[in-house]
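Trainee: Could you take me through reading a pocket and its ligand in a model like this one?
Mentor: Let us begin with the pocket lining and then turn to the ligand.

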Amino acid sequence: MKINNIAIFASGAGSNARKIISHFENSEDIDISLIITNNPHAGVIQVAEETNTPSLLIDKEKLKDSSYLIHTLRDKNIDWIILAGFLWKIPEFLVDHFPKHIINIHPALLPKFGGKGMYGAHVHQAVIAAGEKESGITIHYIDKDYDRGEIILQKRCFINRDDTAESLAEKIHTLEHKWFPRTIEKVIKEAK
Ligand code: GRF
């Protein structure tokens with residue numbers, strides 16, 4: 001049976017990475033083979049250690065070095081790249097090398113509240129400041145336009161009057177943890 005190997009790119013706490021790893025823990029045909037991060041202090045490094053997942057710390061030069069990155073990913077037979085809070089722009093050579101095989105999660109309802117600077121608490125602050133009645137998550141393919149890739153799934157949550165960026169972030173994380181792993185599985189199984 002063909003094993004689908006996944007590389008997770010993350011820059012932060014790694015709560016999504018942790019959920020994805022546990023979701024596929026007993027999978028026979030999907031393996032989380034590598035975690036790549038650009039942040040030496042990222043919590044996701046801890047997640048890699050705790051789950052015995054190989055991890056790699058890269059800097060901007062390495063991210064832009066196509067031969068290095070492609071070789072590293074091919075070395076692990078990576079078929080899919082999952083972006084779980086990776087804060088650097090994916091280079092175009094990687095998008096070309098993994099067409100419709102790079103999946104990102106954005107903590108808002110794209111196409112609104114996407115693009116430069118729209119990450120973490122900034123997104124939730126912007127959504128609340130705009131007086132939105134709901135927010136949510138967007139799981140989408142990465143293409144060269146980044147946050148404008150084809151949408152795979154969106155899930156919504158209501159915003160109450162007393163919601164803060166923190167309380168909205170919690171609602172969004174709950175949606176992410178519930179829907180990202182199973183959506184990745186669905187996409188991979190349907191792509192066979
Ligand atoms: C998530 O909110 C995700 O939507 C965004 O980055 C955050 C990653 O959080 N792209 P974590 O590191 O998985 O906890």
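Mentor: Residues are sorted by class: Ala, Val, Leu, Ile, Met, Phe, Trp, Tyr, Cys and Pro count as nonpolar, Asp, Glu, Lys and Arg as charged, and the others, Gly among them, as polar. By these classes the lining of the largest pocket holds 13 nonpolar, 13 polar and seven charged residues. The model is predicted, so local features need pLDDT of at least 70 and side-chain atom pairs pLDDT 80 or more, while totals for chains, interfaces and linings use all residues. Residues are numbered from 1 along each chain as its sequence is written, and side-chain values use heavy atoms, without hydrogens and water.

Trainee: Which element gives the largest share of the lining of the largest pocket?
Mentor: Helices (H or I, at least four residues) and strands (E, at least two) are DSSP runs, numbered from the N terminus. Here α7 gives the largest share, four residues, and α1, β5 (102-106), α6 (120-129) and α7 each supply at least two.

Trainee: Which polar atoms lie by the ligand's oxygen atoms?
Mentor: A polar contact is a pair of N or O atoms within 3.5 Å; within protein, one must be able to donate a hydrogen and the other to accept it, and residues adjacent in sequence count only if both atoms are side-chain atoms. A ligand oxygen is 2.3 Å from a side-chain N or O atom of E176, while backbone N or O atoms lie at 2.7 Å for G14 and 2.8 Å for N16.
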